[in-house]
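Sequence and structure are shown first, followed by notes grouped by topic.

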Amino acid sequence: MARVVVIASAEIGREALETVLEPDDELHVLVPAVEQSRLAWLTSAEDDARAQAERVGEQISRDAPAKLASLEVKPDSPSQLVRDAIAEHNPD
């Protein structure tokens, strides 16, 4: 069993997930809610970006051969998500 963290801002095909995941792996999915207009960012109106990120995370968890351990949508930059994921989940 491996602890795997997937960080994605777009959907990932089932075939790609199957190349890196086994059914008994522990899967953590993190999706940055970053696709928003400058105005939406300035006004903190991130609902649309968050909803899109949740859809991406749900698609990944549905298509992954491993059981989902956690799914998080965060407004952080992808680089910050990587640092946080390593610290929090200690992936293999």
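**Sheet and packed helices**

In this predicted model, Val5 has His28 of β2 standing opposite. Five bridges connect β1 with β2 (residues 26-32), and the two strands run parallel.

Sheet
- The sheet is open and made of three strands in the order β1-β2-β3, with parallel pairing.
- From one strand to the next, the twist averages 15 degrees.

Helices on the sheet
- Helix α3, residues 47-63, lies across β1, β2 and β3, and runs at about 165 degrees to β3.
- Helix α4, residues 78-89, also packs on the sheet and touches β1, β2 and β3.
- The direction of α4 makes about 155 degrees with that of β2.

Helix α4 in detail
- The 12 residues of α4 should span 16 Å at 1.5 Å a residue, and this agrees with its end C-alpha atoms, which are 16 Å apart.
- Leu81, Ala85 and His89 are the buried residues of α4.
- These residues lie on the same side of α4, because they cover an arc of only 35 degrees around the axis.
- The strands against which the buried residues of α4 pack are β1, β2 and β3.
- Asn90 follows α4 and has a positive phi, near 50 degrees.

Definitions and conventions
Residues are numbered from 1 along each chain as its sequence is written. This is a predicted model: local features need pLDDT of at least 70, side-chain atom pairs count only at pLDDT 80 or more; totals for chains, interfaces and linings use all residues. Side-chain values use heavy atoms; hydrogens and water are left out. Two strands pair if DSSP finds at least two bridges between them. Helices (H or I, at least four residues) and strands (E, at least two) are DSSP runs, numbered from the N terminus. Axes are lines fitted to C-alpha atoms, for helices over the stretch in contact, and angles run from 0 to 180 degrees between N-to-C directions. Contact means heavy atoms within 4.5 Å. The expected span of a helix is 1.5 Å times one less than its number of residues. Buried means under 20% relative accessible area, exposed over 50%, partly exposed in between (1.4 Å probe, protein chains only). The arc is that of the directions from the helix axis to the C-beta atoms.
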